Structures are given as C-alpha cells and as structure tokens.
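My notebook is open, and I am about to look through a protein model piece by piece. Here is what I will be looking at.

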Amino acid sequence: MADGTVEGRLAGLGLTLPAVAAPLASYVPALRTGPYVYTSGQLPLVEGKLGVTGKVGAEVTPEEAKDLARTCALNALAAVKSVVGDLDRIVRVVKVVGFVASAPDFTGQPGVINGASELLGEALGDAGVHARSAVGVAVLPLDAPVEVEIQVEVAD
C-alpha cells in the first residue's frame, strides 16, 4: 500500500528499490557534495544482470528501451539512497542525462528516456520535474541499450 513516502509511492507502482548495483570500474555509484547527489550512469541491471542487450531501433524496440530506462531510474534512486539514507530527503531532481545505444537511423532517444523521467515524476511528484538530455551513442557498457544518470538536491 502506498503511504506518501517515495518508497511508498514506488511500492504503489509495484516496484521495490533494488540493492545498489556494484560499479563496473573505478568509481562510486553516487557521490554527495553540498546539497547535491550525483549518480554514476546506471544500467538497467536487475539482480546484477542485463535482461536485454543491443541497439535501440535494431535488436531492442523503443518500448522495451523505455521500460529499461525506467529500471535505470529506479537503480539511480537506489544509488541516491545509498548516500543519503532516505529518499524523502530529495528536494528536487535537478538533471537527468540518458544515453541510448542507437541503431544508426534511430532518432527516438527522448521517448526512450521518458521512461526514466516518468518514473521520477511518479515517485517524487513535483520534486521529480527536471532538466534533461537524451543522447544517442554507438555502444554502452556490457552492450546495454540504455544508461541513465541523475543529479538531485537533498535536504539535511
């Protein structure tokens, strides 16, 4: 049952905050500086594994990729929680950057990254409204179709 907290709203959507994904190289999942938390790029890992790989517009449909972007955003929220302890401390999602491994003729990157943006809005309400970039790239780590990073402002 949703209870008005960020994690309660996620539960109302049938989602549970996952464990923070282990870094694939020399970095941390999230870092706080002042009132801001920056996440590293989050892949659509579920229980440490990618369920889908490939390029959007070729092996991966835009609809599948949008769902994967949603998973990336959920993983980004887990990374934020790992450094602030409580997602209800989020004052605002400031910026979302989404990367879409794209087939050469695919131009629907904004629609794919809407999956992340919509999840943040559902979980955080007005605090989830943000600036955003959606970028097409040739390839992402592990041949992931999507990667998302977020910057949030948090209260003490």
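**Entry 1: a lysine in a loop.** I started at lysine 55, which lies in the loop between β4 (49–50) and α2. Helices here are DSSP runs of H or I with at least four residues, strands are runs of E with at least two, and both are numbered from the N terminus. The model is a predicted one, where local features need pLDDT of at least 70, side-chain atom pairs count only at pLDDT 80 or more, and totals for chains, interfaces and linings use all residues. Residues are numbered from 1 along each chain as its sequence is written, and side-chain values use heavy atoms, with hydrogens and water left out.

Which residues does lysine 55 contact, leaving aside its neighbours within four places in sequence? I found Val60, Ala101, Ser102, Ala103, Ala138, Val139 and Asp143, where contact means heavy atoms within 4.5 Å. I also looked up glycine 98: it is 43 residues from lysine 55 in sequence and 14 Å from it in space, C-alpha to C-alpha.

Entry 2: Next I went to β1 (residues 30–33) and β2 (residues 36–39), which pair in the antiparallel sense over four bridges. Two strands count as paired if DSSP finds at least two bridges between them. I saw threonine 33 opposite tyrosine 36 in β2. The two strands, β1 and β2, form a hairpin with two residues between them, and glycine 34 in the turn has a positive phi of about 60°.

**Entry 3: the sheet.** I then followed the strands across. The sheet is open, with five strands in the order β1-β2-β7-β5-β6 and mixed pairing. β1 and β6 (131–137) are at the edges with a single partner strand each, so one side of each has no neighbour in the sheet. From one strand to the next, the twist averages 15°; angles run from 0 to 180 degrees between N-to-C directions, and axes are lines fitted to C-alpha atoms, for helices over the stretch in contact.

I listed the pairings one at a time:
- β2 and β7 (residues 146–154) run antiparallel and are joined by three bridges, with tyrosine 36 opposite glutamate 153 in β7.
- β5 and β7 run antiparallel too, joined by nine bridges, and arginine 92 has glutamate 153 in β7 as its bridge partner.
- β5 and β6 are paired in the parallel sense over seven bridges, with lysine 95 opposite alanine 131 in β6.

**Entry 4: the helices.** I turned to α3 and found that it lies across β5, β6 and β7, running at about 155° to β5.

How do α2 and α3 pack, and at what angle? Helix α2 (residues 62–84) and helix α3 (residues 109–124) pack at about 45°, their axes 7 Å apart. They are therefore oblique to each other; under 35 degrees counts as roughly parallel, over 145 as roughly antiparallel, 65 to 115 as roughly perpendicular, and the rest as oblique. Residues of α2 that meet α3 include Pro62, Ala65 and Leu77, and among those they meet in α3 are Gly111, Val112 and Leu124.

**Entry 5: the record.** Last, I checked UniProt, where an unreviewed entry lists residues 7–147 as "domain: Endoribonuclease L-PSP/chorismate mutase-like". UniProt positions are in the numbering used here, feature names are shortened, and annotations may be inferred rather than shown by experiment. In the model, I noted that the end C-alpha atoms of residues 7–147 lie 22 Å apart, and that the span is 32% helix and 23% strand.
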